[in-house]
Number of protein chains: 2
Amino acid sequence: MEMEKHGGKRMGAGRPKGTNHYGEPTQPVRIPISKIDRVLRFVREREDELPLYGHSVPAGFPSPADDYAEGALDLNSHLVREPTATFFVRARGDSMIGAGIHDGDLLVVDRSLEASDGKVVIVSINGELTVKRLRQTKQKSWLTPENPDYPSINFQEQDDTHLWGVVTNVIHSL
Amino acid sequence: MEMEKHGGKRMGAGRPKGTNHYGEPTQPVRIPISKIDRVLRFVREREDELPLYGHSVPAGFPSPADDYAEGALDLNSHLVREPTATFFVRARGDSMIGAGIHDGDLLVVDRSLEASDGKVVIVSINGELTVKRLRQTKQKSWLTPENPDYPSINFQEQDDTHLWGVVTNVIHSL
DNA sequence: CTTTTTGAATAATGTAACAATATTCAAATG
DNA sequence: CATTTGAATATTGTTACATTATTCAAAAAG
């Protein structure tokens, strides 16, 4: 055990890049002190990510320690792509039952998506919000319900008729 | 408009303390770059809370500046009551179509809820996950599909049959 | 006298810089 | 050949600092 030098320059020595806790670079960001704890929890351990299981599972009960069969999911980022352009509307009635939209369901609406033929959209008509499927050709646009008991209506952007956005997800409570 | 000095020392001059955006001091914290956006949004204001609109709306388009008719909503806290006991399962097939569960839907499952008569539950049978409605009397338990094309099955907790939890929400993508 | 303009004073803020720590590898040692 | 050691380099929490934002009273204008 001599106190001597242990070699000079060596190629490939030192801690390799990308070996940090996150697998990506970090950067300092100013956080109000009262929120530091929560931010750190969110950042260090995937706080908002919950396990997503597939159809077949190993024996026994699921456990948070499992390596989830299909990974983890954060509802907010999964359902909301453009937070600044997203809002919620509660559905009423059963005119869109065929699209899986039931009375009382919560609709996730994205205003940044283009409303094209076949999309389910939110439209305000005379201050009332409605959910319908948009159908359009080069000549005309319709709003069609997904329920044979209701009629289609002609659609045209006017003073009292506005297209609010495209429905991306339907949340149904049991 | 002379170019002269404008007084010397003055008591009470300068920006007062506590006039920052948060009303409290801040401190730099290292954040992985991919999460900086999310953290900033969370920290600056009600990040995960997006507007929830009612059925009738004032004229014009909605704006984030609006005082939302029905307030704001955070999907995570709205859909997940008990984070440590919650997980997701993707539904397969149409045996529960009557309960609003379609093929490919994402199910929010809470293990901490008691599975009582009438609840929609997740059960593993021989390593396969199934969604069914639980019916039980003092004598017996059944798992019933919500589709007349499928049969009910007898239910009993066994080695290869386990009740995983109660389905609280169904997320349907369009 | 009242209103408007100005810049000194001070806090807040984003980011660079730094010291301390963690990690890896090959040379030195046994 | 296995183990120990320390040079080399990345990571990390925090400090430092230059820049920006904000406020107020003196000075200027009306």
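Let me start inside chain B. Set aside the neighbours within four places in sequence, and B:G118 is in contact with B:R133, B:L134 and B:R135. This is a predicted model, so keep that in mind throughout. Where does B:G118 sit? It lies in the loop between β5 (106–110) and β6 (120–125) of chain B. Take B:R135 from that contact list. In sequence, 17 residues separate B:G118 and B:R135. In space, their C-alpha atoms are 5.5 Å apart.

Now the interface. How many residues of each chain are in contact with the other? On chain A, 71 residues; on chain B, 71 residues. The area buried between chain A and chain B is about 6,900 Å². Carbon and sulfur atoms give 64% of that area.

Which element of chain A gives the most to the side touching chain B? Strand β10, residues 161–173, with ten residues. By class, that side of chain A has 40 nonpolar residues, 21 polar and ten charged.

What about salt bridges between chain A and chain B? The count is zero. Polar contacts are there, though: 18 residue pairs across the interface, both residues at pLDDT 80 or more.

Back to β10. How does β10(A) pair with strand β10 of chain B, parallel or antiparallel? The sense is antiparallel, over five bridges. The chain B strand also covers residues 161–173. For one position to look at, take A:H172. Its bridge partner in β10(B) is B:V170.

Key. Residues numbered from 1 in each chain as written. Chains lettered and ligands numbered in written order. Predicted model: local features only at pLDDT ≥ 70, side-chain atom pairs only at ≥ 80, totals over all residues. Heavy atoms only, no water. Contact = heavy atoms within 4.5 Å. Buried area = accessible area lost by both parts, 1.4 Å probe. Salt bridge = Lys/Arg side-chain N within 4 Å of Asp/Glu carboxyl O. Polar contact = N/O pair within 3.5 Å; in protein donor to acceptor, adjacent residues only side chain to side chain. Helix = DSSP H or I, 4+ residues; strand = E, 2+ residues; numbered from the N terminus. Nonpolar A, V, L, I, M, F, W, Y, C, P; charged D, E, K, R; others polar. Pairing = 2+ DSSP bridges.
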